[in-house]
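Reader: I have a model open and I am new to this. Please show me how to read its features.

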Amino acid sequence: MSSCSTSLAPARSLSYSPPLTSSVTQMFIMLDSAAEQLMVHKDFQVAFDTCERGLESLANMDQEDSRCGEFKAAFCILGIQALAELNQWHGVLSWVLQQYEHLEKIPAKIMQMCILLYSKVGEPAAMQEAARVWLHCPFNSRATGFGTVAELYLLHVLVPLGLRDEALELIGGEVGSSAFTEDQRQMALDVVEEKERENRESPPNLRISPDSGTAAHPVSTEGAVIHRLEATLRFFYRKLLLSGSGSFSLRRVFLAAVLLYMLFLRLDPALPSSFMWISKLLQLLKQMWRTMFAPYHQALPQSKGL
């Protein structure tokens with residue numbers, strides 16, 4: 001969850017500040033130290049402790065200095081990453097609130113990080129109320145990054161939770177008109193409708209209850225398609241079996257198999273739900289390979305024996 005570009009960006013932006021006082025110089029040193037511990041030494045606890053000390057020191061600085069807000073955001077960004085690396089993500093939002101006291105005062109960049117973090121760990125509901133309050137604050141509608149927060153809230157909180165009415169209200173309400181263009185609002189509506197259609201097409205009787213001891217496989221609407229793909233591949237297999245002259249090109253077989261896989265399934269190979277279909281495709285290809293080359297390998301030892 002560490003990101004050099006994300007973490008060091010606040011520090012770089014501070015390099016263009018006015019002449020440094022001793023206290024500001026000390027903040028730079030602590031910020032650089034926290035970033036080094038996080039990115040280079042991977043000592044996440046020390047990095048977080050350094051961020052805590054930096055935030056405490058900021059409380060004693062002149063709050064009229066515009067750089068205080070930048071330093072606070074930078075320390076919070078590094079602190080969030082350190083907590084995530086320490087697997088203490090559940091306390092991120094409360095820790096950020098401790099620094100800013102009010103949800104409405106949290107910078108947009110930090111709200112974006114929190115939404116993505118809780119979505120990544122599978123707990124988008126933890127950010128539902130916080131993001132809603134932040135987005136409905138009139139002051140934040142003029143902030144840089146407001147549209148990104150609204151987009152992440154829609155895609156990573158409302159849509160995954162199946163909150164269709166809230167999503168439509170967000171898109172069509174004041175938040176949507178401030179955050180999105182007309183084209184973006186239409187695209188957002190399409191995303192919500194697509195999610196609703198997927199939920200309707202998913203057979204409810206195949207879903208396993210949360211208290212079940214076995215892990216539930218993701219429900220997919222592509223079951224019929226995989227059977228058609230398998231039947232097509234078996235057709236190629238029979239062609240190979242009947243073709244003893246080798247006129248059926250091996251390259252065409254592989255090309256046809258890959259194209260069929262891409263056209264019919266359109267699955268992401270990185271998703272766990274794709275493993276079963278990829279494994280079945282690989283099994284059929286191995287079967288065709290053995291059919292084509294097994295006679296050659298069997299004949300080769302016999303010729304050597306002669």
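Author: We will go from the whole chain to single contacts.

Author: This is a predicted model, so local features need pLDDT of at least 70 and side-chain atom pairs count only at pLDDT 80 or more, while totals for chains, interfaces and linings use all residues. Residues are numbered from 1 along each chain as its sequence is written, and side-chain values use heavy atoms, with hydrogens and water left out.

Reader: How many helices and strands does the chain have?

Author: Helices (H or I, at least four residues) and strands (E, at least two) are DSSP runs, numbered from the N terminus. Here there are 14 helices and 0 strands.

Reader: What share of the residues is buried?

Author: Buried means under 20% relative accessible area, exposed means over 50%, and partly exposed lies in between (1.4 Å probe, protein chains only). Of the 306 residues in this chain, 35% are buried.

Reader: What do contacts tell me about the chain?

Author: A contact means heavy atoms within 4.5 Å. Take the contacts with a separation of 6 or more: 65% of them join residues 24 or more positions apart.

Reader: How do I read one helix?

Author: Start with its span. The expected span is 1.5 Å times one less than the number of residues. Helix α6 (residues 108-120) has 13 residues and reaches 18 Å from first C-alpha to last, close to the 18 Å expected. Next, look at cover. Buried residues in α6 include Ile-110, Met-113 and Leu-117. After α6 comes Gly-122, with a positive phi near 80 degrees.

Reader: How many aromatic pairs are there?

Author: Rings of Phe, Tyr and Trp (its six-membered ring) pair if their centres lie within 6.5 Å; planes under 30 degrees apart are stacked, over 60 edge-to-face, and the rest tilted. The count is 4 aromatic pairs. One of them is Phe-48 with Trp-95, tilted, at 5.3 Å centre to centre and 50 degrees between the planes. This pair links distant parts of the chain: Phe-48 is in helix α3 (residues 44-59) and Trp-95 is in helix α5 (residues 92-100), 47 residues apart. Phe-48 and Trp-95 are both buried.

Reader: Why is the pair of Trp-134 and Phe-146 stacked?

Author: The planes of Trp-134 and Phe-146 are at 25 degrees and the ring centres 6.0 Å apart, so the pair is stacked. Trp-134 lies in helix α7 (residues 128-135) and Phe-146 in helix α8 (residues 146-158), so the pair ties together parts 12 residues apart in sequence. Trp-134 is buried at 0% relative accessibility. Phe-146 is buried too, at 2%.

Reader: Which residue lies over the face of Tyr-100?

Author: A charge sits over a ring if NZ of Lys or CZ of Arg is within 6 Å of the ring centre and within 35 degrees of the ring normal. Lys-72 lies over the face of Tyr-100, 5.0 Å from the ring centre.

Reader: How many salt bridges are there?

Author: A salt bridge is a side-chain nitrogen of Lys or Arg within 4 Å of a carboxyl oxygen of Asp or Glu. The count is 3 salt bridges. Arg-132 and Glu-129 form one, at 2.7 Å from N to O. Both lie in helix α7, 3 residues apart, about one helical turn.

Reader: Why does that spacing matter?

Author: An α-helix has 3.6 residues a turn, so residues three or four places apart point the same way.

Reader: Where does the bridge of Glu-193 and Arg-164 sit?

Author: Glu-193 and Arg-164 meet at 3.2 Å, N to O. Glu-193 is in helix α11 (residues 182-201) and Arg-164 in helix α9 (residues 164-172), 29 residues apart. Glu-193 is partly exposed at 31% relative accessibility, and Arg-164 is partly exposed at 30%.
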